[in-house]
Amino acid sequence: MLEKVISVDLIEALENGSVQVRTKTAIMEDGKQISGTFHRHVIAPGDDYSAEDARVKAICKATHTAAVVTAYKAAQAAATP
């Protein structure tokens with residue numbers, strides 16, 4: 001029996017407040033992985049993370065404080081010519 005299993009397998013909080021999320025998609029046959037791929041995305045301070053995994057939401061809530069969001073937006077504005 002084939003089964004597709006999608007899971008968040010890595011969450012990293014960066015110094016600037018961004019949260020990197022790696023999602024693993026595994027194709028399982030009789031309980032053994034026969035194929036797998038990864039997808040990564042970044043949630044910047046101030047981004048909407050309401051559709052994320054519960055663990056990702058918890059980390060974003062703790063990391064994306066008002067001060068972090070303000071500092072991130074200021075740094076982005078300063079970097080834009």
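This briefing covers the sheet, the helix across it, the core, the salt bridges and a few single residues.

The model is predicted: local features need pLDDT of at least 70, side-chain atom pairs count only at pLDDT 80 or more, and totals for chains, interfaces and linings use all residues. Residues are numbered from 1 along each chain as its sequence is written, and side-chain values use heavy atoms, with hydrogens and water left out. Three strands form an open antiparallel sheet in the order β1-β2-β3. Helix α1 (residues 54-63) lies across β1, β2 and β3.

**Sheet**

- Helices (H or I, at least four residues) and strands (E, at least two) are DSSP runs, numbered from the N terminus.
- Two strands count as paired if DSSP finds at least two bridges between them.
- Strands of a sheet pair through backbone hydrogen bonds, either parallel or antiparallel.
- The edge strands here are β1 (2-13) and β3, each pairing on one side only.
- Neighbouring strands of the sheet are turned by 20 degrees against each other on average, direction ignored.
- Axes are lines fitted to C-alpha atoms, for helices over the stretch in contact, and angles run from 0 to 180 degrees between N-to-C directions.

**β1 with β2**

- β1 and β2 run antiparallel and are joined by eleven bridges.
- Leucine 2 faces glutamate 29 in β2.
- Lysine 4 stands opposite isoleucine 27 in β2.
- The hairpin of β1 and β2 has five residues between the strands, and glycine 17 there takes a positive phi near 95 degrees.

**β2 with β3**

- β2 (residues 19-29) and β3 (residues 32-43) pair in the antiparallel sense over eleven bridges.
- Isoleucine 27 has serine 35 as its bridge partner in β3.
- Two residues separate β2 from β3 in their hairpin, and aspartate 30 in the turn has a positive phi of about 50 degrees.

**Helix and core**

- Helix α1 runs at about 15 degrees to β1.
- The largest nonpolar core has six residues: Val8, Val19, Val21, Ile43, Val56 and Cys60.
- Such a core is a set of buried Ala, Val, Leu, Ile, Met, Phe, Trp, Tyr and Cys residues joined through side-chain atoms within 4.5 Å.
- β2 and α1 are the elements that give two or more residues to this core.
- Cysteine 60 touches Val19, Ile43 and Tyr49, not counting residues up to four places away in sequence.
- Contact means heavy atoms within 4.5 Å.

**Salt bridges**

- The structure holds two salt bridges, each defined as a side-chain nitrogen of Lys or Arg within 4 Å of a carboxyl oxygen of Asp or Glu.
- Aspartate 9 forms one with arginine 22, with the closest N and O atoms 2.7 Å apart.
- This pair links distant parts of the chain, with aspartate 9 in strand β1 and arginine 22 in strand β2, 13 residues apart.
- Arginine 55 and aspartate 53 meet in a salt bridge through their side chains, at 3.4 Å from N to O.
- Aspartate 9 is partly exposed at 32% relative accessibility.
- Arginine 55 is partly exposed at 47%, and aspartate 53 is partly exposed at 30%.
- Buried means under 20% relative accessible area, exposed over 50%, and partly exposed in between (1.4 Å probe, protein chains only).

**Single residues**

- Threonine 23 sits in strand β2 and is buried, with a relative accessible area of 16%.
- Beyond its neighbours within four places in sequence, threonine 23 is in contact with Ile6, Ser7, Val8, Asp9, Thr37, Phe38, His39 and His41.
- Histidine 64 lies in the loop between α1 and α2 (66-79) and is buried at 11% relative accessible area.
- The side chain of histidine 64 reaches the backbone oxygen of glycine 17 at 2.9 Å.
- Leaving aside neighbours within four places in sequence, the contacts of histidine 64 include Gly17, Val19, Ile43 and Tyr49.
- Lysine 61 belongs to helix α1 and is exposed at 65% relative accessibility.
- The C-alpha atoms of lysine 61 and tyrosine 49 are separated by 9.0 Å, and the two residues are twelve apart along the chain.

Conventions. Polar contact = N/O pair within 3.5 Å; in protein donor to acceptor, adjacent residues only side chain to side chain.
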